[in-house]
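Thank you all for coming; I would like to take a few minutes to walk through one model with you. Please have the sequence and the structure open as I speak.

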Amino acid sequence: MRVLMHVCCGPCCIYPVKALRNDGAEVMGYFYKHNIHPYTECLKRQQTLHDYAEQIDLRVIYQEGYDLEGFLQNAVYREANRCRQCYHDRLKATALLAKRGKFDYFSSTLLYSKFQNHELVRSIGEAIGKSVGVPFLYDDFRKGWKEGVEASKALAMYRQQYCGCIYSEKERYYKPEK
Ligand code: SF4
């Protein structure tokens, strides 16, 4: 089976790609950029993925453009619910690409992260899969969390410290004075 996997970053794809390949799947990656800020951080994550993908012979489609403005326009006044929209946009873009490329399934490395809203990713992915006509491949890749972290450290990969958007960067580093 052919699977198009939305990839948020190099470290997060280690376990899911390995697990799917072990199950006999042919995996291709799709790197989505609009939610990764600032642009220099996006480039750093892209380069890390690019280098790793070459090592493991993973073909990756890199999203064209960089729509920071569109991302922010969708998030403003809805900051508290921004992740729902962000998941939706990333998974919808992946599903549409999977349909165009005649993939059997689409999936996401978001299912690997312990820091994402796992059930929300799953429900949005499954709903998009039904509406677009390409099934969402669900697996709880979090079971490989430790393995993926250890592997990325052993490979000295760049490991980001926040999810992606500027809001998440603030949440990571800004500690209000008490
Ligand atoms: S915190 Fe992560 S999932 Fe949520 S909006 Fe920002 S980049 Fe997207």
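This is a predicted model: local features need pLDDT of at least 70, side-chain atom pairs count only at pLDDT 80 or more; totals for chains, interfaces and linings use all residues.

Helices (H or I, at least four residues) and strands (E, at least two) are DSSP runs, numbered from the N terminus, and two strands pair if DSSP finds at least two bridges between them. Strand β1, residues 2-7, runs parallel to β2 and is joined to it by six bridges. The chain passes from β2 through helix α2, residues 39-56, to β3 in a right-handed β-α-β crossover, where right-handed means that, with the strands pointing away from the viewer, the path from the first strand over the helix to the second runs clockwise. β1, helix α1 (residues 10-22) and β2 likewise make a right-handed β-α-β unit.

Taken as a whole, the sheet is open, with four strands in the order β3-β2-β1-β4 and parallel pairing. Because β3 and β4 (105-108) stand at the edges, each with a single partner strand, one side of each is left without a neighbour in the sheet. β1 is joined to β4 by four bridges, and Val 3 stands opposite Tyr 105 there. As for β2, five of its six residues, 26-31, are buried, so this strand is largely enclosed by the rest of the structure; buried means under 20% relative accessible area, exposed over 50%, and partly exposed in between, with a 1.4 Å probe and protein chains only.

Let me turn to the interior. A nonpolar core is a set of buried Ala, Val, Leu, Ile, Met, Phe, Trp, Tyr and Cys residues joined through side-chain atoms within 4.5 Å. The largest has 49 residues, and those with the most contacts inside it are Leu 20, Phe 106 and Phe 141. The largest share of this core, seven residues, comes from α1. Leaving aside neighbours within four places in sequence, Phe 141 is in contact (heavy atoms within 4.5 Å) with residues including Met 5, Tyr 15, Leu 20 and Leu 111. A second, separate core of five residues includes Ala 75, Cys 86, Cys 165 and Tyr 167.

Not counting residues up to four places away in sequence, Phe 103 touches several residues, among them Val 3, Met 28 and Val 134. Phe 103 and Met 5 are 98 residues apart in sequence and 10 Å apart in space, C-alpha to C-alpha.

Finally, in helix α3, residues 68-75, Gly 70, Phe 71 and Ala 75 are buried. What covers the buried residues of α3 includes α4 (82-100) and α7 (166-173). After α3 comes Tyr 77, whose phi is positive, near 70 degrees.

Conventions
Residues are numbered from 1 along each chain as its sequence is written. Side-chain values use heavy atoms; hydrogens and water are left out.
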